[in-house]
Amino acid sequence: MQPARATKFGAYVYEDGSKYIGDWNDRGRKHGLGHVQLKDNTRYEGGFSNGLCSGLGVLQYPDGARYEGEFMEGWFHGHGMFWRADGMKYEGQFRGGRIWGLGLVTFKDGSHGLPRHEGFFKDCKFVQKKKCPGVVMDAQRAALMARIQTEQT
């Protein structure tokens, strides 16, 4: 069986009011670049693979929370940046939709907490202090590339 590839571009409005505009594969799944707007006004722009968010993308929630970075099989996965609606920011690694791996938290006031919240996170919990400027740079780069990609679609 050959891997799916983008074969056409189009739009679809789902029964619940959600909308998709973008590339589709020959199996009728979102595949390539596209935009989704859900009924609650959550928006995703970026890559898709066989119907799921994959590659680089930007996810914007109605409350102002936002994720920019890498996705895999519909989850935040890899490097990225997440801003909560209250202004807190996390730059680092994600796994299966959760903060998991090395990263840095920045609070709304620009501080990083006491002790400094930089190091290893497991399931969204800070567990070990460790400097990780390379990971933070990789997260910033992934977020920038996701924004650039969405501006070009």
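Okay, let's start with a definition: two strands pair if DSSP finds at least two bridges between them.

Now, what you're looking at is a predicted model, where local features need pLDDT of at least 70, side-chain atom pairs count only at pLDDT 80 or more, and totals for chains, interfaces and linings use all residues. Residues are numbered from 1 along each chain as its sequence is written, and side-chain values use heavy atoms, with hydrogens and water left out.

So, the overall picture. Along the principal axes, the C-alpha trace spans about 50 × 35 × 25 Å.

How much of the chain is buried? Buried residues come to 37% of the 153, where buried means under 20% relative accessible area, exposed means over 50%, and partly exposed is in between, using a 1.4 Å probe and protein chains only.

On charges, there are 22 positive and 17 negative side chains, with the centres of the two sets 4 Å apart. Lys and Arg count as positive, Asp and Glu as negative, and His and the chain ends are left out. Each charge is placed at NZ of Lys, CZ of Arg, CG of Asp or CD of Glu.

E6, residues 66-72, runs antiparallel to E7, residues 75-83, and six bridges join them. Arg-66 has Trp-83 in E7 as its bridge partner. The two strands make a hairpin with two residues between them, and Glu-73 in the turn has a positive phi of about 50°.

Then E7 also pairs with E8, residues 89-95, again antiparallel and over six bridges. Which residue in E8 is the bridge partner of Met-81? That's Glu-91. This hairpin has five residues between the strands, and Gly-87 takes a positive phi near 100°.

Last stop: Arg-27, in the loop between E2 (19-25) and E3 (30-37). Arg-27 is partly exposed, at 37% relative accessible area. Its C-alpha is 46 Å from that of His-112, which sits 85 residues away along the chain.

Terms used
Helix = DSSP H or I, 4+ residues; strand = E, 2+ residues; numbered from the N terminus.
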